[in-house]
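This report describes a set of computed features, taken in turn. The sequence and the structure come first.

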Amino acid sequence: MSTEVQHAEPGFFRKYLWSTDHKIIAMQYLFTGMAMALIGGYFAYVFRMQLGFPNQHVPGYGIVTPGKYNALVTMHGSIMIFWVAMPVLIAAFGNFLIPLMVGCDDMAFPRINRLSYQIFLLSALVLLSSFLVKGGPFGGAWTAYPPLSASGAYNLTPIGATLWLLAVALEFVAFLLGGINFTVTAMNSRAPGMKMYDIPILIWMIILANIVFMASAGPLIAGAVMLLFDQTMSTGFYDPTRGGDPLLWQHLFWFFGHPEVYVVLLPAMGIVAEIIAVFARKKIFGYKTVLYTTWAVGFLSFVVWAHHQFVAGIDPRMANIFSITTLMISIPVTEMVFLYIATLYGGSIHLDTPMLWALAFIAEFMIGGVTGIFLGSSGTDIYLHDTYFLIAHFHYTFVPIAIIAVFAGLTFWYPKMFGRMLNETLGKIHFWGTVIPFNVIFIPLFITGIAGDQRRIYNYAQFAEQSRPWLQHLRTTSTIALLFMLAFQLVFLFNFFWSLRHGKTAGANPWRSTTLEWATLSPPPHGNFAEMPTVYRGPYEYGLAGRADDFLPQNVPDRAVGD
Amino acid sequence: MSASAKPISNTRSVTGIPTARLITWWVIASEIVIFGGLLASYIMHRIAHPEWAESASHTLTWAGALNTFVLLTSSLFAVLAHKAADAHDGPKAAKLLRLTALGGLIFLCIKGYEWTLDIREGFVLSSGGFWSFYYTLAGLHGLHVLAGMIILLIVAADAAKNQELQRVECIGLYWHFVDIVWIFLFPLLYIAR
Amino acid sequence: MTTEAHVQHPNYVKVWAILVALLIVSVLGSMSHIREVVLIAAFGVALVKAYMVAKNFMHVNVEKRWVPYLLIMCLLFVAILFAGVAPDVMKHSGLHWTKNPADQSVPSAAGAATKNE
């Protein structure tokens with residue numbers, strides 16, 4: 001039974017701005033996320049210029065004052081996590097791929113899908129509006145600890161602080177709605193024959209990420225309401241002189257904040273899984289093990305949060321417990337990486353651009369993970385907390401997640417999304433021009449961090465014992481590397497937009513992949529499939545011997561296989 | 001938008017649970033953590049501050065008990081509406097859903113009156129730890145009651161025409177959840193001294 | 001689109017009557033001067049009422065098994081949150097520290113409650 005919806009070709013508004021089609025909504029999230037990435041990247045440029053060349057006029061900005069520095073780092077962090085990583089990894093890829101990969105025509109609730117984007121867009125606009133208010137955008141760090149975040153007298157950005165909080169709250173509502181829609185679709189709307197273990201890893205990862213988000217965001221929503229009241233209604237939820245406790249916010253924030261990093265990690269690992277299977281022409285090694293370790297990671301992520309608070313004055317016995325759990329969680333994550341490496345072993349490796357990004361993810365993320373051990377142990381964390389070592393660690397995890405895996409996914413699914421191939425040469429130039437400078441930015445910061453450089457300080461010259469002038473060349477190197485990395489993004493932008501019109505036309509399945517999204521046209525039509533597919537096998541049947549093709553798509557019946 | 005415009009994805013049911021009810025359970029799951037987080041924060045403060053018992057003694061128990069009765073009764077109407085929908089009697093389900101919404105309205109009116117009395121005594125949101133939590137908890141719950149009322153009326157409008165009857169059970173589930181939250185708020189805010 | 005009835009409908013009015021009776025018990029119990037009686041009347045009854053609403057009105061026990069498991073898992077996360085946070089928020093002093101403002105807030109919180117700030 002198919003739903004033949006007869007309607008006239010919709011106008012521009014209905015087709016691109018008011019659509020309920022998951023593919024259009026995916027594009028809306030993607031382009032909004034990319035635009036926010038430009039803004040977040042610009043802010044990083046400005047504050048790194050201040051750090052590399054203190055108190056010099058920054059081209060394209062001006063002089064960075066202490067207040068502006070605080071706002072820049074706050075906005076950079078908030079934007080990159082909430083308005084770039086989450087919308088692109090989860091909402092854009094999830095929206096585009098879930099109905100296609102499970103073999104149905106749209107999300108289970110298309111209008112709720114549209115509403116989710118609209119609320120998300122509103123949240124982005126609320127955040128951007130804070131750039132225009134008196135005092136400017138919020139400057140209390142993306143972690144927004146009270147009393148700094150609760151009192152305008154302290155953070156000097158009272159209106160910005162409330163707008164930031166509202167923007168984050170709206171973003172949470174958008175992702176709760178969207179996430180529930182994704183989960184229901186993946187659970188209920190699968191093609192006939194697609195059993196639980198026939199679902200592509202990426203879909204599992206996005207769904208588990210949504211569940212982790214949903215379970216962890218609740219307490220922070222409660223905490224945000226309390227912070228909002230502290231900011232605007234003279235309550236004292238986080239004020240110890242009035243019966244409250246600032247540590248409560250920290251706990252509520254990190255109870256969400258730590259699962260959040262896995263919320264963005266899981267889709268990134270899912271994208272990498274899909275790509276390495278295709279470009280090693282080999283099925284994922286240990287599909288079920290990957291799944292079970294992911295469930296373990298998801299659950300464990302809820303019991304490690306206070307490792308962000310080792311020096312905040314928490315009960316030391318809690319610090320013991322959280323150290324142990326934090327070190328434990330590295331085990332399933334490492335196991336997943338080993339499974340990916342095992343997938344590559346013995347495979348027929350094709351180093352196309354998507355595969356380069358996927359391999360870079362594995363290598364760079366491992367560095368991030370290994371450096372996390374020093375931070376997860378409460379003893380060493382006492383020294384390393386809030387130094388540049390920490391910043392380098394989380395950029396070695398976040399950049400693979402939000403940038404490397406995103407480029408992997410974009411270069412891989414671009415043909416399906418837009419019906420054109422990206423230019424391979426430009427893709428490789430962009431790849432090396434991003435990955436090499438990325439390492440040159442952050443390796444010096446590991447060194448300065450161990451030497452003692454504290455984060456969130458706009459100018460070390462203000463603090464005699466902090467200034468360590470012999471490290472300035474490292475800070476400057478880091479800044480210059482960032483300039484290179486930003487410059488090479490122009491290559492990507494050019495490739496992306498030029499190929500929309502002038503790229504080689506892509507067929508339905510240019511990468512010769514087995515999953516269902518490649519079983520329809522590029523780009524897929526409204527309704528996705530001319531005839532809804534049926535699934536006959538798992539998603540990674542590659543490397544098959546004795547056949548004309550070395551892969552067997554999920555939707556091809558056994559009878560039709562050439563002998 | 002008529003029912004015939006539903007995508008195929010909406011009509012499939014690999015889990016055996018219809019999509020509408022499935023999404024309702026997920027909504028309830030996420031709300032458990034939201035209210036749970038706020039309640040946990042309140043409980044740990046309340047236990048740590050025995051002196052808040054003095055403030056707590058000023059809450060109007062009769063209003064809380066009456067509101068509990070109102071919500072329990074409205075939940076009864078909600079589940080009777082589900083029964084009517086199962087019997088394919090859309091107009092009867094609509095009537096019962098509207099009675100449920102009326103219960104929500106009465107709840108909010110009693111709360112409005114109760115808060116007026118509290119405020120006249122000088123107890124406002126910023127009057128101290130207990131009152132901040134009291135208004136925030138009851139206020140968040142009240143917002144959910146209001147949202148529930150609106151959805152009840154929308155579902156009732158369709159049900160009256162014998163359309164989208166599967167939604168009757170779903171909004172009922174949400175409403176029962178809101179009722180359960182109040183079942184715990186009542187002792188926490190009104191009885192425990 | 002109509003529902004296929006997936007539940008047996010018990011006598012809902014009877015369930016409602018029991019719930020109201022329990023409400024009366026909890027209000028009467030709260031007026032006692034014995035602390036244990038008040039606590040059981042308040043929270044014990046609340047737990048029973050919540051269970052009855054979940055079972056009889058929401059039909060959680062007739063649903064697929066993973067639904068109540070999911071809901072219980074969410075409650076478990078709230079319990080984990082409480083366990084991890086309470087030692088910091090609830091205690092006012094430890095081996096080597098005291099939370100000075102909290103100690104001093106004993107008179108001020110009670111005083112503030114009767115003032116309109």
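## Chain C

A residue counts as buried when its relative accessible area is under 20%, with a 1.4 Å probe and protein chains only as cover. By that cut-off, 41% of the 117 residues in chain C are buried. The model is a predicted one. The accessible surface of chain C amounts to about 6600 Å², and carbon and sulfur atoms hold 68% of that area.

Chain C contains 4 helices and 0 strands, in the order α-α-α-α from the N terminus. Among its contacts with a separation of 6 or more, 47% link residues 24 or more positions apart. The domain assignment divides the chain into domain 1 (9–58) and domain 2 (64–91). Between the C-alpha centres of these two domains of chain C the distance is 23 Å.

## The largest nonpolar core

How many residues does the largest nonpolar core have? The count is 295. Residues with the most contacts inside this core include Phe82(A), Trp83(A), Phe213(A), Phe361(A) and Trp413(A) from chain A, together with Trp26(B) and Val168(B) from chain B. Helix H8 of chain A, residues 246–280, supplies the largest share, 24 residues. Domain 1 (9–58) and domain 2 (64–91) of chain C each contribute residues as well, so the core lies between them.

Phe213(A), one of the residues with the most contacts inside the core, can be followed through its partners. Beyond its neighbours within four places in sequence, Phe213(A) is in contact with Met86(A), Phe172(A), Phe175(A), Leu176(A), Phe256(A), Glu260(A) and Val263(A).

## Val261(A) in helix H8

Val261(A) is located in helix H8 of chain A. Is this residue buried or partly exposed? Its relative accessible area is 23%, so Val261(A) is partly exposed. With residues up to four places away in sequence left out, Val261(A) touches Phe398(A) and Ile401(A). Val261(A) and Tyr340(A) are separated by 79 residues in sequence, and their C-alpha atoms are 20 Å apart in space.

Asn95(A) belongs to helix H3 of chain A, residues 66–102. The relative accessibility of Asn95(A) is 0%, so this residue counts as buried. Which residues does Asn95(A) touch, not counting those up to four places away in sequence? They are His22(A), Ile25(A), Ala26(A), Tyr29(A), Ile90(A), Met107(A), Asn113(A) and Phe182(A).

Phe446(A) is part of helix H14 of chain A, which covers residues 424–451. At 10% relative accessibility, Phe446(A) is also classed as buried. Phe446(A) and Ile391(A) are 55 residues apart in sequence, with a C-alpha to C-alpha distance of 8.1 Å.

## A nonpolar surface patch

Phe12(A), Phe13(A), Tyr16(A), Leu17(A) and Trp18(A) make up a nonpolar surface patch of about 540 Å². Trp18(A) sits in the loop that joins helix H1 (12–17) to helix H2 (22–52) of chain A. Its relative accessible area is 33%, so Trp18(A) is partly exposed.

Note on methods: Residues numbered from 1 in each chain as written. Chains lettered and ligands numbered in written order. Predicted model: local features only at pLDDT ≥ 70, side-chain atom pairs only at ≥ 80, totals over all residues. Heavy atoms only, no water. Core = buried A, V, L, I, M, F, W, Y, C linked by side-chain atoms within 4.5 Å. Buried < 20%, exposed > 50% of the residue type's maximum accessible area, 1.4 Å probe, protein only. Helix = DSSP H or I, 4+ residues; strand = E, 2+ residues; numbered from the N terminus. Domains from an automatic or database assignment. Contact = heavy atoms within 4.5 Å. Patch = residues over 30% accessible without salt bridge, like charges linked within 9 Å, V, L, I, M, F, W, Y side chains within 5 Å. Areas by Shrake-Rupley, 256 points an atom, 1.4 Å probe, with all protein chains shown as cover. Salt bridge = Lys/Arg side-chain N within 4 Å of Asp/Glu carboxyl O.
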